Amino acid sequence: MTITITAFERSPDRGKGLARDMRVRWALEEAGQPYEVRLLSFKAMKEPAHLALQPFGQIPTYEEGDLALFESGAIVFHIAERHQGLLPDDANARARAIAWMFAALNTVEPPVFDRALCMILERDKPWYEHRLRYLEDSIRNRLDKLSARLGDADWLDGAFSAGDLLMVTVLLRLKKGSGILEEYPNLSAYVARAEARPAYKRAFDAQLAVFTAASAG
Ligand SMILES: N[C@@H](CCC(=O)N[C@@H](CSCc1ccc([N+](=O)[O-])cc1)C(=O)NCC(=O)O)C(=O)O
């Protein structure tokens with residue numbers, strides 16, 4: 001059955017691959033699954049047809065037959081459960097890889113995403129400098145421990161998994177200009193290793209092509 005995901009018709013990140021459809025595109029490419037994309041304007045995302053799929057009026061969503069899913073982490077998990085290449089077969093290793101999925105979204109991403117929002121929405125607030133410093137300290141607190149755990153391994157726990165996929169999409173938000181990721185050479189190398197994956201490149205190029213076409217239009 002055809003898989004259809006939703007994405008920005010014109011991503012505010014200008015094709016940098018930071019919007020969360022990128023995670024789903026990457027997971028589908030790792031799983032070797034073809035997919036269609038329904039591109040949405042900000043207005044369309046808030047209309048009833050999309051709200052029925054995504055109650056918060058956001059992208060991405062995932063549709064396949066009579067299944068409709070939202071939440072990029074849940075969509076990546078759904079793909080990983082049904083196809084090879086994103087979760088180990090061994091039960092304990094699979095459970096650990098799923099733990100890393102949650103760690104990426106629940107432990108590392110919150111200060112990283114809050115910092116991005118702070119820099120977009122709060123620059124003119126009196127608390128901006130203090131809050132930015134607090135968020136960057138929180139991020140370094142997490143990356144100190146993530147870096148120590150990764151050490152010189154290729155991936156977080158044996159083979160590449162959906163846990164690495166989600167963790168890398170979180171760390172990529174730091175790579176574009178914050179200077180924080182570069183403070184951790186092994187994490188920078190980890191991200192570069194992931195970006196070198198053919199599946200990542202196909203996903204990145206596909207989302208960039210959307211922005212390029214929209215900009216030409
Ligand atoms: N928890 C949900 C969150 C989804 C989400 O944040 N979607 C964002 C796009 S990805 C987040 C995002 C937005 C912009 C950039 N950027 O760099 O410009 C990067 C990432 C969205 O639809 N925003 C529109 C809205 O909320 O009205 C999930 O993981 O699926």
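Q: Which residues of α1 are buried?
A: In α1, D21, M22, R23, V24, R25, W26, A27, L28, E29 and E30 are buried (under 20% relative accessible area; exposed is over 50%, partly exposed in between; 1.4 Å probe, protein chains only).

This is a predicted model, in which local features need pLDDT of at least 70 and side-chain atom pairs count only at pLDDT 80 or more, while totals for chains, interfaces and linings use all residues. Residues are numbered from 1 along each chain as its sequence is written, and side-chain values use heavy atoms, without hydrogens and water.

Q: What makes α1 mostly covered?
A: Of its 10 residues, 10 are buried, and α1 is therefore mostly covered. G32, with a positive phi near 70°, follows α1.

Q: How do you know that β3 and β4 pair?
A: Strands pair if DSSP finds at least two bridges between them; β3 (residues 61-64) and β4 have four, so they pair, in the antiparallel sense. E64 stands opposite L67 in β4.

Q: Why do β2 and β4 stand at the edges?
A: The open sheet of four strands has the order β2-β1-β3-β4, with mixed pairing. β2 (36-40) and β4 (67-70) each have a single partner strand, so one side of each lacks a neighbour in the sheet. From one strand to the next, the twist averages 20°.

Q: Which strands does α1 touch as it packs on the sheet?
A: Helix α1 (residues 21-30) touches β1 (3-8), β2 and β3, contact being heavy atoms within 4.5 Å. The direction of α1 makes about 150° with that of β1 (lines fitted to C-alpha atoms, for helices over the stretch in contact; angles from 0 to 180 degrees between N-to-C directions).

Key
Helix = DSSP H or I, 4+ residues; strand = E, 2+ residues; numbered from the N terminus.
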